[in-house]
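Let's take a walk through a protein model together.

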Amino acid sequence: MFVVPAGTYLLLFFGYPLIKNSTMSFQQYTATTFYTGDAPFVGLQNYSEVLSANLFSQAVITTVLFAVGSILGQFVLGLAMALFFQHGFPLSRVLRSLLLLPWLLPLVVSGATWRWMLDPDTGVVNAALRGLHLSSSGVPWLTGTSQALVSVILINIWVGIPFNTAILYSGLQDIPTHLYEAAKLDGAGPVMSFRHVTWPLLRPVVSVVLVLGVVYTVKVLDIILVVTGGGPAGATETIATRAYELSFQQFEFGRGAVLSNVLIVFSLAFAVVHLRANRRALTG
């Protein structure tokens with residue numbers, strides 16, 4: 001009986017939307033469907049049209065670059081911060097609390113703030129670069145096709161560092177201190193201790209962080225829409241933003257559902273492959 005409320009919640013708010021989204025992907029589901037109730041079955045036509053479009057291939061490349069850059073930056077910096085906080089020092093608790101602010105802020109607020117900061121003409125970042133004589137004309141953070149993608153990746157890294165730090169720090173706290181003392185007696189320095197003590201015992205936590213990072217990153221929508229809107233010239237348009245555009249701007253809900261299914265399959269495939277590989281490494 002204790003499981004019934006949780007099971008009911010999962011069925012209503014996760015199971016039904018998942019089934020409905022899968023069904024819509026095989027239908028000509030448009031805005032008129034909400035009035036007429038008519039959504040003709042079109043088979044794989046939506047998949048054929050969406051997956052064969054040039055915009056889809058470009059969105060896949062952008063999604064991969066955005067996900068890899070974001071996850072790599074979040075994890076490396078988050079691990080560095082977790083190792084830094086592992087060594088107790090005055091005000092460490094206060095700093096850890098303040099570090100959570102970027103993660104707790106609504107993504108729309110963070111995106112709007114960064115959009116103002118990176119504005120090519122009036123942004124404080126370019127103003128600082130000009131003041132330091134590092135750039136005379138400023139950097140087109142949001143208007144350059146190559147700079148815009150880098151900008152949204154950096155913003156997403158900034159947003160995700162607190163989450164990675166908090167989870168990895170918790171994992172570090174579970175490692176017994178006597179193992180470090182034994183390694184030190186054997187002559188191991190900081191690098192050897194990290195390699196032979198910290199990393200092996202932290203791997204289960206790392207797996208969770210990476211899987212959640214992929215799931216969260218591939219569906220990032222708020223930041224990109226607020227900062228660049230998928231532009232310029234589609235340079236920051238990912239599968240998630242393309243699905244939003246098809247569903248809520250062009251009102252082609254069937255085609256938008258196709259891209260949503262692609263994200264679900266990609267996330268599940270990565271989670272299964274990564275967790276199995278990690279399990280073999282731990283048992284081997």
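Residue numbers start from 1 along each chain as its sequence is written. What you see is a predicted model, where local features need pLDDT of at least 70, side-chain atom pairs count only at pLDDT 80 or more, and totals for chains, interfaces and linings use all residues, while side-chain values use heavy atoms, with hydrogens and water left out.

Let's start with helix α14, where you'll find valine 272. How far is valine 272 from valine 211, C-alpha to C-alpha? The separation is 9.2 Å, although the two sit 61 residues apart along the chain. Valine 272 counts as partly exposed because its relative accessibility is 41%. Here is how that label works: buried means under 20% relative accessible area, exposed means over 50%, and partly exposed is in between (1.4 Å probe, protein chains only).

For a contrasting example, look at aspartate 121, in the loop between α7 and α8. From aspartate 121 to leucine 202 the C-alpha distance is 45 Å, and the sequence gap is 81 residues. Aspartate 121 has 65% relative accessibility, so it counts as exposed.

Now for the open space. A pocket, on a 1 Å grid over the protein atoms alone, is an open set of points where a 1.4 Å probe fits, with protein on both sides within 12 Å along at least five of seven lines; lining residues have an atom within 4 Å of a point. Grid points are joined across faces, edges and corners, and the volume is the space filled by probe spheres set on the points. The largest pocket holds about 1200 Å³ of space. It has 42 lining residues, and those closest to its centre are Val215, Tyr216, Lys219, Val220 and Leu263.

Which helix gives the largest share of that lining? It's α14, with nine residues. Among the helices that each supply at least two residues are also α1 (3–24), α9 (145–173) and α11 (190–218). Sorted by class, the lining of the largest pocket has 27 nonpolar, 12 polar and three charged residues. In this sorting, Ala, Val, Leu, Ile, Met, Phe, Trp, Tyr, Cys and Pro count as nonpolar, Asp, Glu, Lys and Arg as charged, and the others, Gly among them, as polar.

Next, turn to helix α7 (residues 107–117), where Ser110, Gly111 and Trp114 are buried. They are on the same side of α7 because they cover an arc of only 95° around the axis, the arc being that of the directions from the helix axis to the C-beta atoms. The general rule is handy here: an α-helix has 3.6 residues a turn, so residues three or four places apart point the same way. The cover over the buried residues of α7 includes α6 (101–104), α9 and α12, where contact means heavy atoms within 4.5 Å.

Time for some rings. Rings of Phe, Tyr and Trp (its six-membered ring) pair if their centres lie within 6.5 Å; planes under 30 degrees apart count as stacked, over 60 as edge-to-face and the rest as tilted. The whole structure has 16 aromatic pairs. One of them is a stacked pair of phenylalanine 26 and phenylalanine 41, 6.5 Å centre to centre with 25° between the planes. Phenylalanine 26 lies in the loop between α1 and α2 (33–36) and phenylalanine 41 in the loop between α2 and α3 (45–51), so this pair ties together parts 15 residues apart in sequence. Phenylalanine 26 is partly exposed at 28% relative accessibility, whereas phenylalanine 41 is exposed at 65%.

Phenylalanine 75 and tryptophan 199 make an edge-to-face pair, 6.3 Å centre to centre with 75° between the planes. This pair links distant parts of the chain, 124 residues apart: phenylalanine 75 is in helix α4 (residues 54–86) and tryptophan 199 in helix α11. Ring pairs also link Tyr29, Phe34, Tyr244, Phe248, Phe251 and Phe253 into a cluster.

A cis peptide bond, with omega about -5°, joins glycine 231 and proline 232. Alanine 233 lies in that loop too, and has a positive phi of about 55° although it is not a glycine.

Methods
Helices (H or I, at least four residues) and strands (E, at least two) are DSSP runs, numbered from the N terminus.
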